[in-house]
Amino acid sequence: MTDRATPSLPTDWRAPGLRHRLRRRHAAERRFRRLGAGAVLFAAGFLAFLLLTMVGQGLGAFTRTVLVLPIDTARPITEAGVDAAAVRAFGADGPLLMADQAWRVARERAAVGRATVRVPASDAVDAALAGQAAPAANARAAALRARGALRTEFAWSFLRGADATDPVRAGLWGAAKGSLLTMAVVFAFAFPIGLFAALWLEEFAGRNPWADLVEVSINNLAAVPSIIFGLLGLALFLGTLGLPRSAPLVGGLTLALMTMPVIVIAGRGAIRAVPPSVRDAALAVGASRAQVVFHHVLPLAMPGILTGTIIGMARALGETAPLLLIGMRAFIAAPPGGLTDPATVLPVQIFLWSDEVSHGFVEKTSAAIMMLLLVLLVVNGGAVWLRGRLEARR
Amino acid sequence: MPTPALLFLLGGLALVGWIAARGRAAASAAPRGTLPGHAGTYAALLILAPPLLFLVGWSAGSPALVTNAVLHDRAASALPAGGFPRASILSEAREIARGSTRPAFDRRAAALAPAYAAAQARYDWIAAGVAVLLALAGGAAAWRQVRPGFAARRRVERGVEALLLAASLLAIVTTLGILASLVWEASRFFALVPVSDFLLGTHWSPQAIDPRDPGAGLGAVPLFWGTILIGAVIAMAVAVPLGLLSAVYLTQYARAATRRWVKPLLEVLAGVPTVVYGYFAALTVAPAVRRLGVALGNADASGESALAAGLVLGMMIVPFVSSLADDSLAAVPAGLADASLALGATRRETVARVLIPAALPGIVAGVLLALSRAIGETMIVVMAASGIATLSLDPLAPATTVTRQIVDLLTGEAAFDGPKTLAAFALGLTLFVATLLLNLVALTVVKRYRQAYD
């Protein structure tokens, strides 16, 4: 202890300089916090804006305008007969109010004993009802609606039909079936191979030098841009193996190569999460390594593996670019019947429709996007639900 | 023999083998641990594996054999000597023989179709015969081995392990396949066009290639520049600040309840298919950007500007940056932040001076991974960016990217081995190498600086 005490003054909390500095620092702190909240809100707002834009533009595609056409349903229905009925009912330009090929719809729908049949109205009538055509046409559409000749009904054809040149008749089922077939191929190849590779890496590889190489390849494959897989599919499946273009088989194989690494990575995580005590107990009562893995580890890891598989397949379901390169962008007016028939898939259908300029296709594109997002939401939600359920059971 | 029938037959043989071997093993003593079912499975494996392996190899080799047989047919004498016209006639004949297209586009193809069908049927029968013989031989071998004391379990498990190993090796095969196909096609391209013309040329117009000097119209510098401008500059200028700020906000400021539902919401941004972003960019963002550009006095602002594509691409990348930054911020030991706060630093000062420097390797790696994803992204630029290659600093001018050009080059109806389609593979190789390098650098950064705080 020296007698010369250090001259330590108590902090003067009221000093103007200190208070000024503190205020400045706290203001900066508040600004920073608001900036962070702003970033989160901006990202969420962007998502909301995107979804609202799609819903706002696409909702119209789920309904369609129909003309109630008085016609003699006892006689066979022909194109000329339908046109004549339209002229009688709506005047000389009556046939123009109907969609292209509307008489085929009339033939399908006409029921003996009914005096009228509902046929799809043309794109121009839709625009006029929305008030987007010339004033005279707008007024006429409103008048027709008022007297009950124009009605709105749910557009089943949008969900049931295949692609068509005319937006009124274009539907999603063709592309949806293509997606289903493609996903079946993806599952049939990517799931067993991904599962086996994950099991080998986690349970059998040990210090095998190949294991490092496999691991590097898988991590690398998971980061390769999807379009590169399209180039591989084009060169390998179409070029070397001579498989048919535009087929769900080729699309599925290409996407399976892309999905496999996702399944391996998720599967390894799930297998690693199985407690070692389970393995030790099984080994202790005399099970072989394969029995340990297939009777004990795999059932416990299955929920995680399945969740990873579903998430990987959901990504494949939304993928477009690689499929463009293997020719799945053709106009296909009939749903595919098998794995080697020409087909398209939902995201490619969206891409194809987005290139069309007519108002009807803008609506269809947005509606197709709504359906795709809905499917993805259901699939991903299903994955979360499945995991919760399977984990709760054990 | 049709494939389904053949597979059905092989499956039936395997089932018979399984039942027979199981019965034989059940009637005799086995070593400890081996069950009769193991002997059955052993027999089934021995019956199924050789013919299936043979069929896989056969399906890779037989198209060449069939084509060869057809070319020796008399109907083939009218064919052109070789090259693309002959290949197209042959493939049409194959389609007709399969029954997938009926009306013949080329008369010579229609004439070849019966020869094709006959050769195909002949080779199919040969393959089926060999497969069945292999299955029977496998079954006989298994039958002879299944005797008292035969350790079937060990054999079966070795077989299962080999199956798992084969599945794992497929990952290596895929990687090599990508590399081989890209390098092979690209080397054919570089045989036509000098590497220097491609990598250093500044003029890109694949629609009008001069056959005497194809390299003059295939200089890829404008594409590289467009990719950098859209993917590395504009998209990153959007994604890095937004992603970092939201990660900091969610880890440092938000309450746990808020974080629980906001974080999945941000992840949804990464789950939206890219074709949806592309449509949104083309339909909503690009016209808005154009109007903004015109309002700012740039009269020739493009409706296919680099800015519109880059902005939407950036929004798509936000969750990648934010979740990787989130992870690396969370990995910083809590003691560091606590010490800084205890000294009187505000949260912002703690984040800026302590947390971010400590988490920097992880953040840098995350940004690099996001960058590799941005330059590889295809649909947004296909739908919203331009097809015309320009060298311009102006973000409102049209710009194109490597991925966009790959799609454009390969979706026309051109000859498969013209310089135009081969150029797509050269672009693909460049893209593959660039993303691979980015990923390697990211991994190295993480590995080298990670353990600093353990």
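Biologist: Leaving aside neighbours within four places in sequence, with which residues is B:Ala384 in contact?

Modeller: This is a predicted model. In soluble globular proteins, nonpolar side chains tend to be buried together. Here, with neighbours within four places in sequence set aside, B:Ala384 contacts B:Gly278, B:Ala281, B:Ala282 and B:Ala286, and also B:Glu304, B:Ala308, B:Ala309 and B:Val312.

Biologist: Which residues touch the most other members of the largest nonpolar core?

Modeller: That core holds 217 residues, and those touching the most other members are B:Ala281, B:Ala309, B:Val312, B:Val321 and B:Ala384. Helix α7 of chain B, residues 221-253, supplies the largest share of this core, with 17 residues. There is also a second, separate core of 24 residues, with A:Ala99, A:Trp103, A:Val117 and A:Ala141 among its members.

Biologist: How is chain A divided into domains?

Modeller: The assignment gives chain A a domain 1 at 60-154 and a domain 2 at 173-393. Taken over C-alpha atoms, the centres of these two domains of chain A are separated by 45 Å.

Biologist: How many residues of domain 1 of chain A are in contact with domain 2 of chain A?

Modeller: Five residues of domain 1 of chain A are in contact with six residues of domain 2 of chain A. On the domain 1 side, the touching residues comprise three nonpolar, one polar and one charged.

Biologist: What does the domain assignment give for chain B?

Modeller: In chain B, domain 1 covers 3-154 and domain 2 covers 214-453. Their C-alpha centres lie 48 Å apart.

Terms used: Residues are numbered from 1 along each chain as its sequence is written. Chains are lettered from A and ligands numbered from 1 in the order in which they are written. This is a predicted model: local features need pLDDT of at least 70, side-chain atom pairs count only at pLDDT 80 or more; totals for chains, interfaces and linings use all residues. Domain bounds come from an automatic or database domain assignment. Two residues are in contact if their C-beta atoms, placed from the backbone, lie within 7 Å. Ala, Val, Leu, Ile, Met, Phe, Trp, Tyr, Cys and Pro count as nonpolar, Asp, Glu, Lys and Arg as charged, and the others, Gly among them, as polar. A nonpolar core is a set of buried Ala, Val, Leu, Ile, Met, Phe, Trp, Tyr and Cys residues joined through C-beta atoms within 7 Å. A residue is buried if 20 or more other C-beta atoms lie within 10 Å of its own, exposed if 12 or fewer, and partly exposed in between; C-beta atoms are placed from the backbone. Helices (H or I, at least four residues) and strands (E, at least two) are DSSP runs, numbered from the N terminus.
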